Amino acid sequence: MFWVYAISSIRRNYIYVGLTSDLDGRIDRHNKGYERTTKPYAPFKLIYSETHSTRAEARKREKYFKSGVGKEFLRGLI
C-alpha cells in the first residue's frame with residue numbers, strides 16, 4: 001500500500017506533496033526536521049492523503065498534486 005499525501009507548513013505558506021509506504025513515520029520525519037527539503041518549513045499538518053495499491057498509481061497522483069491544478073485543489077483545503 002502506498003500513500004500520496006500533502007502537508008502544509010503551520011508557520012509559512014508552503015505545501016509539500018509526497019509519496020510513501022509509511023505515512024505516520026514520514027510525517028514524523030518531516031516534523032522532526034529530518035528531511036532536507038522541508039526542514040525550514042516545519043512543523044506541518046496533514047491536509048490530504050489517499051492510498052493506492054501500486055507505486056506507479058501513487059506516483060501518477062503525486063505528479064498531479066504537484067501540478068498547478070493539483071496545488072490549487074490542495075490550497076482550497078487549507
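I looked up the largest nonpolar core and got nine residues: V4, A6, I15, V17, L19, I47, A58, F65 and L74. Core here means buried Ala, Val, Leu, Ile, Met, Phe, Trp, Tyr and Cys residues joined through side-chain atoms within 4.5 Å, with buried being under 20% relative accessible area for a 1.4 Å probe, protein chains only. β1, β2 and α2 each give two or more residues to this core, and β2 gives the most, with three. Helices (H or I, at least four residues) and strands (E, at least two) are DSSP runs, numbered from the N terminus.

This is a predicted model, so I kept its limits in mind: local features need pLDDT of at least 70, side-chain atom pairs count only at pLDDT 80 or more, and totals for chains, interfaces and linings use all residues. Residues are numbered from 1 along each chain as its sequence is written, and side-chain values use heavy atoms, with hydrogens and water left out.

Next I checked A6: leaving out residues up to four places away in sequence, A6 touches I15, Y16, V17, K45, L46, I47, Y48 and L74 (contact is heavy atoms within 4.5 Å). I also found a second, separate core of eight residues, including I7, Y16, L23 and I27.

Then the sheet. The three strands form an open sheet in the order β2-β1-β3, with antiparallel pairing (pairing takes at least two DSSP bridges). β2 (15–20) and β3 (44–52) are at the edges with a single partner strand each, so one side of each has no neighbour in the sheet. β1 (residues 2–9) pairs with β2 over six bridges, and I15 is the bridge partner of S8.

Notes: Buried means under 20% relative accessible area, exposed over 50%, partly exposed in between (1.4 Å probe, protein chains only).
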